[in-house]
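Here is a short note to read beside the structure. Please keep the view open as you go through the points.

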Amino acid sequence: MKRLLVLFFLVTFIFSCKQTPEKNIDPNFVFCLFNKDESPTSFLFSENLDDTDSPTLQIPLSTARIQEREYIYKNGFFYRLSSRTSVFTKYQLQGSSLVVIDSLPLKNSDFETITWKDNNNLIAVCREDLAEKKSQAHVYQIDVAAMKIIKEDTLILPFATEEYKSLHLGLVDVENEDLWLAYSFFKATGKYGHTTSDTTYYATIKYDSFKLVNIQKETRSTYPGGFNIIQSYSFKDEQGDYYFMTNPGIALGNNPNLPTAIFRKNKGQQLVDQDYMINISKIIGNHAYGIWYVGNGRAIIRNEQKKLYTDFSNFHAVYQFEYRLVDLKSGSIEKIDLPLDKGTQKENVWTDKKFVYIAIDDSNDEHRVWKYNLQTKEISKGIKLPNTTNFTVRMNYLK
């Protein structure tokens, strides 16, 4: 009965979509948009990203604002990992509606980072409340096909110091049955502010037993992964090497004196390569947020411009964000000549290995996908999104 009530609540409240005639559509892309009318949120579907194309279908969501990190897309299904309800829900696009397929109540909230162990198994990691002066992380492995918990356990991670006790879980990866977790600690500095300790920790844990094998300390940067579910902070290249980015400088404070940087954990290794680091802040003079692999040893980053915003109050609303191409081998960083973007916590970059597609909300109040040719470096216009858009939260390829 409890399970049925949860499903009924989700269907009738969270996803109470407008009634639109059923029609057969086969979209290739979905956008999640914040719109101007008191920022209601909607999913916008499109068959392609060409300048001549127009969206196929728009499904409004019932809430004025969503928690951006809740939405995940994988192999034809949408998933919502809600920290507010502690419910993991599975949806599918049917006709012109998003339909609830199943839901799974979880015991915890405050989900911070995820990874896919394989196509059917999602690993989600969240903080647990402090108990007995221990910092705790709870790990779930969810079989999304069967919609059941395969395994779960609580990890006890030593405090950084007595001063820094709040746990930030930035990145998680599974390789050779080892669970690798990158994390740091922070403390509150007011109602909204916080500051992070000067160290990142990399824990290697035997996944079959959840036994802690070792902890590696990183002092070159801190705050690994940012809000990882919202935007990409890690990837594996063609050789299986794992790259990731730290995000120590944000408008709330954090630890802006340390640099944003890219690091690498080589395939098959438990420890991060101490001979590899790309110091983004030293090269461009600003912090960056989000990194997307585009193939052939190159990645896109999205960076702020500290001279253009005042503080956290207008950080997300100022047209300041640039996009740059990083050569992961040489460490060179090249600015892409695109309009300045606004908005934070965006997952808005996708590539087909020939073009990079970037959804930008510019100062002319135009909301458009731009195409960057990786070979010729030519920039061209892609699909234009509705004028009612405030900013684009994310863009996913559905195939």
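This is a predicted model: local features need pLDDT of at least 70, side-chain atom pairs count only at pLDDT 80 or more; totals for chains, interfaces and linings use all residues.

1. Rolling a probe the size of a water molecule over the atoms shows where empty space is left. A search of the whole structure finds one cavity of 30 Å³ or more. The volume of the largest cavity is about 50 Å³. Its lining is made up of Val30, Phe31, Cys32, Phe43, Tyr71, Ile72, Tyr73, Phe78, Arg394 and Asn396. Strand E1 (29–35), strand E4 (71–74) and strand E29 (389–397) each give two or more residues to this lining. By type, the lining residues are eight nonpolar, one polar and one charged.

2. Now the open space. The largest pocket has a volume of about 1300 Å³. It is lined by 38 residues, and the closest to its centre are Lys74, Trp116, Ser232, Ser234 and Glu347. Which strand gives the largest share of the lining of the largest pocket? It is E8, with five residues. Other strands that supply at least two residues include E4, strand E12 (166–175) and E29. The pocket lining divides into 20 nonpolar, nine polar and nine charged residues.

3. Strand E4 also belongs to a sheet. Four strands form this open sheet, in the order E4-E5-E6-E7, with antiparallel pairing. E4 and strand E7 (97–105) are at the edges with a single partner strand each, so one side of each has no neighbour in the sheet. From one strand to the next, the twist averages 25°. E4 and strand E5 (residues 77–82) run antiparallel and are joined by four bridges. Lysine 74 stands opposite phenylalanine 77 in E5.

4. Last, the rings. The whole structure holds 31 aromatic pairs. Take phenylalanine 29 and tryptophan 350: their ring centres are 5.2 Å apart and their planes are at 75°, so the pair is edge-to-face. This pair links distant parts of the chain, with phenylalanine 29 in strand E1 and tryptophan 350 in strand E25, 321 residues apart. Are these two residues buried or exposed? Both phenylalanine 29 and tryptophan 350 are buried. Ring pairs also link Phe29 and Trp350 with Phe355, Tyr357 and Tyr397 into a cluster.

5. A second pair deserves a look. The rings of tyrosine 202 and phenylalanine 244 have centres 5.6 Å apart and planes at 80°, so this pair is edge-to-face. Tyrosine 202 is in strand E15 and phenylalanine 244 in strand E18, so the pair ties together parts 42 residues apart in sequence. Tyrosine 202 counts as buried at 1% relative accessibility, and phenylalanine 244 counts as buried at 0%.

Definitions and conventions. Residues are numbered from 1 along each chain as its sequence is written. Side-chain values use heavy atoms; hydrogens and water are left out. On a 1 Å grid over the protein atoms alone, a cavity is a set of points where a 1.4 Å probe fits but cannot get out, and a pocket is an open set with protein on both sides within 12 Å along at least five of seven lines; lining residues have an atom within 4 Å of a point. Grid points are joined across faces, edges and corners, and a volume is the space filled by probe spheres set on the points. Ala, Val, Leu, Ile, Met, Phe, Trp, Tyr, Cys and Pro count as nonpolar, Asp, Glu, Lys and Arg as charged, and the others, Gly among them, as polar. Two strands pair if DSSP finds at least two bridges between them. Axes are lines fitted to C-alpha atoms, for helices over the stretch in contact, and angles run from 0 to 180 degrees between N-to-C directions. Rings of Phe, Tyr and Trp (its six-membered ring) pair if their centres lie within 6.5 Å; planes under 30 degrees apart count as stacked, over 60 as edge-to-face and the rest as tilted. Buried means under 20% relative accessible area, exposed over 50%, partly exposed in between (1.4 Å probe, protein chains only).
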